[in-house]
Amino acid sequence: KMQYDPIKRSLGNVFNKTPFLRRLFYNLLDLLLLRAWHVHKELRLWIKTSKPNADILDEVSPFWYSTDSRGNLQYGADARDAALIELAHSKNVLVLPTIHNVVNGADPVPGLLRNAERRSQHVRNIVREVLDHSYDGIDIDYEMIPSNMREEFSAFIVELSDALHAEGKLLTIAVHAKTEDYGGLGGFQDW
């Protein structure tokens, strides 16, 4: 049985040292893996050609958002695609866009999570975005968060979960596969 945690820890220690190394790591992953949430071209093709079969999906999580250090959401021209949202909803497919921390430069998420006021502002910004664009919820994909930030990340997830659930919205979290949940987040993510 292969043990992945020591491998992940070693890779994280190496590739998380500088923004350049982190970008190199993600570029290598792009060469080696097909990541299901990284499908801008496929989602556009789905809109154009797959309308009769669109209902084979349960949900889509377009890779649309990142954040800055103050908790503001950043997005490109392909985000908030009304045609995608309308088609998905017409076929009973959930739309849960992904917020990630794969950015050029320093990762803003650790500083954001350490500051309770900014963390709460980030939660408010996410909930407003979900409501303003009729998303069914949001997917959080914050990669390579240092393990010593477990409490801050957990506090963020609990606060975001409570805020989204109060609005009848879902929260999913991209996490590394585990056989059990020692940290107790299982009750706060809808998977």
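Modeller: A salt bridge is counted where a side-chain nitrogen of Lys or Arg lies within 4 Å of a carboxyl oxygen of Asp or Glu. The model is predicted, so local features need pLDDT of at least 70 and side-chain atom pairs pLDDT 80 or more, while totals for chains, interfaces and linings use all residues. Residues are numbered from 1 along each chain as its sequence is written, and side-chain values use heavy atoms, with hydrogens and water left out.

Colleague: How many salt bridges does a search of the whole structure find?

Modeller: E129 forms a salt bridge with R80, their closest N and O atoms being 2.6 Å apart. The pair links distant parts of the chain, 49 residues apart, with E129 in helix α6 (residues 116-132) and R80 in the loop between β3 and α4 (82-90). For the whole structure, the number found is one.

Colleague: Is E129 buried or exposed?

Modeller: Buried means under 20% relative accessible area, exposed over 50% and partly exposed in between (1.4 Å probe, protein chains only). R80 has 28% relative accessibility and counts as partly exposed. E129 has 9% relative accessibility, so this residue counts as buried.

Colleague: How many helices and strands are in the chain?

Modeller: Helices (H or I, at least four residues) and strands (E, at least two) are DSSP runs, numbered from the N terminus. The elements run α-α-α-β-β-β-α-β-β-α-α-β-α-β from that end. The count is seven helices and seven strands.

Colleague: What is the bridge partner of I140 in β7?

Modeller: Strand β6 (residues 137-141) and β7 run parallel and are joined by four bridges. Within β7, I140 has as its bridge partner I173.

Colleague: How far apart are the end C-alpha atoms of α6?

Modeller: The expected span of a helix is 1.5 Å times one less than its number of residues. The 17 residues of α6 should therefore span 24 Å. The separation of the end C-alpha atoms agrees, at 24 Å.

Colleague: What covers the buried residues of α6?

Modeller: Buried in α6 are R119, S120, H122, V123, N125, I126, V127, E129 and V130. An α-helix has 3.6 residues a turn, so residues three or four places apart point the same way. The cover of the buried residues of α6 includes β2 (63-67), β3, β5 (98-100), α5 (109-114), β6 and α7.

Colleague: Near what value is phi of S134?

Modeller: Most residues other than glycine have a negative phi. R80 has a positive phi, near 60°. S134, in the loop between α6 and β6, counts as partly exposed at 43% relative accessibility. Its phi is also positive, near 55°.

Definitions and conventions. Two strands pair if DSSP finds at least two bridges between them. Contact means heavy atoms within 4.5 Å.
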